[in-house]
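Hello,

Here is the structure I promised to hand over.

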Amino acid sequence: MSQQLRDRLAAASRDAWATLLPTECSGCGAVDRALCASCRLALAPSVHAVTRDDALIWAALTYAGPARHVIAAYKDGGRTDAAAALAAPLRAAIVAALAAVPSLNEPNQRGTPRDIHLVTIPSSRLAWRVRGYHPVDALLHRAGLHPSPALVQRTDALDQVGLGRAARAANKSNSLVARHPLDGVSVILVDDIVTTGATLLEARRAVFAAGGSVVGLATLAETRRLLHR
Ligand SMILES: [Zn+2]
């Protein structure tokens with residue numbers, strides 16, 4: 001190998017190293033490799049059920065403090081290095097949702113256990129263009145689970161960015177549609193953060209409209225809602 005080639009390879013691997021190994025914790029900014037020990041601890045799942053409308057949703061984390069920073073940096077700050085640390089709590093929320101399905105182990109008419117599809121919320125085209133990946137699907141893959149792309153955004157739905165609160169709600173209703181009939185299909189809906197629940201409720205409506213049934217809802221984190229606002 002020529003010295004020149006050797007130098008070039010060394011420089012390339014230095015650049016790759018800098019790109020692949022972030023030097024700040026995405027939770028608190030401390031100088032660390034990617035996630036410091038205390039922020040890692042803040043991502044330990046503490047699965048609990050929350051309600052939005054009539055829906056019971058399993059969430060692994062509270063969207064606050066370091067967890068909030070890590071999730072936001074993962075979704076919108078290019079910090080995909082947090083995927084492994086976030087996949088574990090998401091998986092824990094899904095396990096809780098699965099455990100709560102009453103008839104999970106009862107055989108169906110064909111005598112086989114029921115299949116449950118993990119359905120995520122499709123990205124808007126803008127979000128897809130900006131990120132280049134689907135944050136929740138990527139976490140599911142990381143957790144060894146397979147997201148089902150059963151839903152799509154209706155092409156006439158607007159991106160939520162820049163819309164006021166009422167316009168967002170109106171835009172969200174009927175914004176999703178199933179790709180194909182879901183007759184007899186059992187679904188656990190999976191999302192990253194639940195705030196008002198409007199997105200999950202819209203996804204549930206779209207699954208029902210296609211003939212499927214939603215047997216559980218799971219999210220990585222929930223935003224604690226203030227009661228008097
Ligand atoms: Zn940290």
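Start with helix H3, residues 65-76. At 1.5 Å a residue, its 12 residues should span 16 Å, and the end C-alpha atoms are 17 Å apart, which agrees. Bear in mind that this is a predicted model.

For context, the protein chain has 8 helices and 8 strands. Of its 229 residues, 32% are buried. Among contacts in the chain with a separation of 6 or more, 73% join residues 24 or more positions apart.

Back to H3. Its buried residues are Pro66, Ala67, His69, Val70, Ile71, Ala73 and Tyr74. What covers them? The cover includes three helices: H2 (37-42), H4 (83-99) and H6 (135-142). It also includes three strands: E2 (55-62), E7 (186-194) and E8 (213-222). Just after H3 comes Gly78, with a positive phi of about 75 degrees.

Now H4. This helix has 17 residues. From first C-alpha to last it reaches 24 Å, close to the 24 Å expected at 1.5 Å a residue. The buried residues in H4 are Ala85, Leu86, Pro89, Leu90, Arg91, Ala92, Ala93, Ile94 and Ala97.

**How the two helices meet**

H3 and H4 pack at an angle of about 115 degrees, and their axes are 11 Å apart. The contact is made by Val70, Ile71 and Tyr74 on the H3 side. On the H4 side, Ala83, Ala85 and Leu86 make it. Angles of 65 to 115 degrees count as roughly perpendicular, and H3 and H4 are therefore roughly perpendicular to each other. The crossing of H3 past H4 is left-handed.

A word on spacing along a helix. An α-helix has 3.6 residues a turn, so residues three or four places apart point the same way. Val70 and Tyr74 are both among the H3 residues in the contact.

**The core**

The largest nonpolar core has 52 residues. Which residues have the most contacts inside it? They are Val70, Leu86 and Ala93. H4 gives the most to this core, with 7 residues.

Leu86 deserves a look on screen. Leaving out residues up to four places away in sequence, Leu86 touches Leu43, Val70, Ile71, Tyr74, Leu139 and Leu220. Val70, Ile71 and Tyr74 also form the H3 side of the contact with H4. Leu86 is itself buried.

Best wishes

Terms used: Residues are numbered from 1 along each chain as its sequence is written. This is a predicted model: local features need pLDDT of at least 70, side-chain atom pairs count only at pLDDT 80 or more; totals for chains, interfaces and linings use all residues. Helices (H or I, at least four residues) and strands (E, at least two) are DSSP runs, numbered from the N terminus. The expected span of a helix is 1.5 Å times one less than its number of residues. A residue is buried if 20 or more other C-beta atoms lie within 10 Å of its own, exposed if 12 or fewer, and partly exposed in between; C-beta atoms are placed from the backbone. Two residues are in contact if their C-beta atoms, placed from the backbone, lie within 7 Å. A nonpolar core is a set of buried Ala, Val, Leu, Ile, Met, Phe, Trp, Tyr and Cys residues joined through C-beta atoms within 7 Å. Axes are lines fitted to C-alpha atoms, for helices over the stretch in contact, and angles run from 0 to 180 degrees between N-to-C directions. Angles under 35 degrees count as roughly parallel, over 145 as roughly antiparallel, 65 to 115 as roughly perpendicular and the rest as oblique. A crossing is left-handed if the near helix is turned anticlockwise from the far one by less than a right angle, and right-handed if clockwise.
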